[in-house]
Amino acid sequence: MPDIVAGLVGIGFLVLWLYCIYDVITTDEAIIRHLPKIVWLLIVIFLFELGSILWLALGRPQIWTRQVHDPQRYGSHRIRSAPSRPVDEESFDHLSPIVRHREELTRLHMLEAQLRRREEELRRRELGEGSGPVG
């Protein structure tokens with residue numbers, strides 16, 4: 001009888017371990033807590049039972065509504081209705097702090113790229129107008 005119980009416990013830990021590996025892989029990095037996604041994956045893989053328990057206790061998002069990159073993942077019936085007021089495209093207040101930070105960085109990079117393109121265009125115009133024949 002103890003061998004059967006030990007076998008069932010072993011199978012239970014194996015299922016838990018596989019579930020945690022799947023959970024780490026499918027969870028968006030923006031909502032993972034404390035450590036980067038790859039570190040959590042390595043912890044779960046190499047520490048087996050302890051890593052699985054650590055992931056569930058410390059790494060897994062506390063509020064597990066849906067993943068950031070795929071809001072349709074859990075079915076349309078779970079998606080909250082759109083806010084009654086229109087969300088300003090310039091405002092990232094409605095996002096989580098991590099996603100807000102990443103969106104602001106992305107927007108900053110886009111604005112810097114636009115500025116570089118405009119500066120290049122102005123340089124080309126100046127060189128084109130200044131190098132022509134004076135007549």
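Author: Let us start with contacts along the chain. Count the contacts between residues at least 6 apart in sequence: 53% of them join residues at least 24 apart. Keep in mind that this is a predicted model.

Reader: What is the secondary structure of the protein chain?

Author: The protein chain has three helices and zero strands. Read from the N terminus, the order is α-α-α.

Reader: How much of the protein chain is buried?

Author: Of its 135 residues, 18% are buried.

Reader: Why is threonine 26 called buried?

Author: Buried means under 20% relative accessible area. Threonine 26 has 17%, so the label buried applies. This residue is found in helix H1, residues 2–26.

Reader: What does the side chain of threonine 26 reach?

Author: It reaches the backbone oxygen of tyrosine 22 at 2.9 Å. A polar contact needs N or O atoms within 3.5 Å. There is also a distance to note beyond the helix. Threonine 26 and lysine 37 are eleven residues apart along the chain, and their C-alpha atoms are separated by 10.0 Å.

Reader: How does H2 compare with a straight helix of 23 residues?

Author: A straight helix of that length would span 33 Å at 1.5 Å a residue. H2 spans only 9 Å between its end C-alpha atoms. H2 also has a kink of about 145°, centred on phenylalanine 48.

Reader: Which residues of H1 and H2 are buried?

Author: In H1 they are Trp17, Cys20, Ile21, Asp23, Val24 and Thr26. In H2 they are Trp40, Leu41, Ile43, Val44, Gly51, Ser52, Trp55 and Gly59. The cover over the buried residues of H1 includes H2. In turn, the cover over those of H2 includes H1.

Reader: What makes up the largest nonpolar core?

Author: Ten residues do: Trp17, Cys20, Ile21, Val24, Ile32, Trp40, Leu41, Ile43, Val44 and Trp55. H1 and H2 are the elements that give two or more residues to this core. H2 gives the largest share, five residues. To count, such residues must be buried and joined through side-chain atoms within 4.5 Å. In soluble globular proteins, nonpolar side chains tend to be buried together.

Reader: Which residues does tryptophan 40 touch?

Author: Leave out residues up to four places away in sequence. Tryptophan 40 then touches Val24, Ile32, Arg33, His34, Leu35, Leu54, Trp55, Leu58 and Gly59.

Reader: What makes the pair of arginine 60 and aspartate 23 a salt bridge?

Author: The rule asks for a side-chain nitrogen of Lys or Arg within 4 Å of a carboxyl oxygen of Asp or Glu. Here the side chains meet at 2.5 Å, N to O, and the pair is a salt bridge. It links distant parts of the chain: arginine 60 lies in the loop between H2 and H3, aspartate 23 in helix H1, 37 residues apart. Side chains of opposite charge can pair when their charged atoms come close.

Reader: Is aspartate 23 buried or exposed?

Author: Its relative accessibility is 3%, so aspartate 23 counts as buried.

Reader: What else does arginine 60 touch?

Author: Besides Asp23, arginine 60 touches Tyr19, Arg33 and Trp55, not counting residues up to four places away in sequence.

Reader: How many salt bridges are there by this rule?

Author: The count comes to three. Glutamate 120 and arginine 123 form one of them, at 2.7 Å, N to O. Glutamate 121 and arginine 125 form another, at 2.5 Å, N to O.

Reader: How far apart are glutamate 120 and arginine 123 in helix H3?

Author: They are three residues apart, so about one helical turn separates them. Glutamate 121 and arginine 125 are four residues apart in H3, which again means about one helical turn.

Reader: Why are glutamate 120 and arginine 123 called partly exposed?

Author: Glutamate 120 has 38% relative accessibility, so it counts as partly exposed. Arginine 123, at 42%, counts as partly exposed too. The other pair gets that label as well: glutamate 121 has 37%, and arginine 125 has 48%.

Notes. Residues are numbered from 1 along each chain as its sequence is written. This is a predicted model: local features need pLDDT of at least 70, side-chain atom pairs count only at pLDDT 80 or more; totals for chains, interfaces and linings use all residues. Side-chain values use heavy atoms; hydrogens and water are left out. Contact means heavy atoms within 4.5 Å. Buried means under 20% relative accessible area, exposed over 50%, partly exposed in between (1.4 Å probe, protein chains only). A polar contact is a pair of N or O atoms within 3.5 Å; within protein, one must be able to donate a hydrogen and the other to accept it, and residues adjacent in sequence count only if both atoms are side-chain atoms. The expected span of a helix is 1.5 Å times one less than its number of residues. The bend at a residue is the angle between axes fitted to the seven residues ending there and the seven starting there.
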